[in-house]
Amino acid sequence: MIRIWHHGAWNRNLGDWVLHESTQHHIARATNREVSFTSIDSQKTRYDRHKIEELNDTADLLLVGGGGLVFHRPEDRSVSGWQWNIAREDIARIRVPIVVYGIGYNRFPFDRNSDSRRLAQHLREVQDRAALFSVRNTGTRSALSSLGLSPGRMRLVSDAAIFAPWNVWNERDQVDGDGPLIAWNFSGDRPRHRYPEPHLDREAACVEAIAEALHT
């Protein structure tokens, strides 16, 4: 039995949930050994020394990712500057292997909360300690390289959600008309960080423009 603590942002929206489940699904299929996963909520968990000892005692591997975890949320009170809330000096206390898998740089264009110096120091420490460190796209690799991480030790992998198991859905039973169907995935959280001021007006204009383009 391989016991994996799977750290991620897996319980906020459908996309994050699909990503988390798909990662576990494919890891389990890739080995002929039995695997058990313990899902750890990145936004609620602080890896203090008690939590680290629990990890060391009950897991064989710590899997961090995937998803856009390189993102500072002040409300999480993370000491790392991203969505793995562990102090730099405590990373060395982890005795099990660490795998950082398919993470993404998720800073919004108008977000002024990020502490780049603290983030860079922490991520470099994690990369030095990790048995495997990978990111989900070239943009993330470029961003993390600019923070001082080694690009040669940063693997590039596809987002696991692309390969998620799926169930057949007969969309023709759900949608009227005989025209082409276009699915539009729109993220509406943190508009102040996504758009320039006045951010709500800019968001509304963006939605209206895309809706008009899809309609025509």
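Student: How many aromatic pairs are there in this predicted model?

Tutor: The count comes to three aromatic pairs, with ring centres required to lie within 6.5 Å.

Student: What makes the pair of Tyr 47 and Trp 84 edge-to-face?

Tutor: The centres of the two rings are 5.8 Å apart, and the limit for a pair is 6.5 Å. Their planes stand at 90 degrees, where edge-to-face asks for over 60. The pair of Tyr 47 and Trp 84 is therefore edge-to-face.

Student: Why is this pair said to tie together parts that are apart in sequence?

Tutor: Tyr 47 belongs to the loop between β2 (35-41) and α2 (49-58), and Trp 84 to the loop between β3 (61-70) and α3 (88-91), so the pair joins parts 37 residues apart in sequence. Both Tyr 47 and Trp 84 are buried.

Student: Why is the pair of Trp 82 and Trp 84 called edge-to-face?

Tutor: The centres lie 6.2 Å apart and the planes make 85 degrees. The cut-offs are within 6.5 Å for the centres and over 60 degrees for the planes, so this pair too is edge-to-face. Trp 82 is buried, as is Trp 84. Ring pairs link Tyr 47, Trp 82 and Trp 84 into a cluster.

Student: How do you know that the peptide bond from Gly 65 to Gly 66 is cis?

Tutor: Its omega is near 0 degrees. Gly 66 is in strand β3. Another cis peptide bond joins Glu 197 and Pro 198, with omega about -5 degrees; Pro 198 is in the loop between α6 (191-194) and α7 (199-215). Most peptide bonds are trans.

Student: What makes the phi of Arg 77 worth a remark?

Tutor: Arg 77 is not a glycine, yet its phi is positive, about 55 degrees. Most residues other than glycine have a negative phi. Arg 77 sits in the loop between β3 and α3.

Student: Why does Arg 77 count as exposed?

Tutor: Its relative accessibility is 69%, and exposed means over 50%. Arg 77 therefore counts as exposed.

Student: How do you know that the span of helix α1 is close to the expected one?

Tutor: Helix α1 (residues 14-29) has 16 residues and reaches 22 Å from its first C-alpha to its last.

Student: Which residues of α1 are buried, and what covers them?

Tutor: Leu 19, His 20, Ser 22, Thr 23 and Gln 24 are buried in α1; buried means under 20% relative accessible area. What covers the buried residues of α1 includes β1 (2-8), β2, β3 and β4 (98-105).

Terms used
Residues numbered from 1 in each chain as written. Predicted model: local features only at pLDDT ≥ 70, side-chain atom pairs only at ≥ 80, totals over all residues. Heavy atoms only, no water. Phe/Tyr/Trp six-rings, centres within 6.5 Å; stacked < 30°, edge-to-face > 60°. Helix = DSSP H or I, 4+ residues; strand = E, 2+ residues; numbered from the N terminus. Buried < 20%, exposed > 50% of the residue type's maximum accessible area, 1.4 Å probe, protein only. Expected span 1.5 Å × (residues − 1). Contact = heavy atoms within 4.5 Å.
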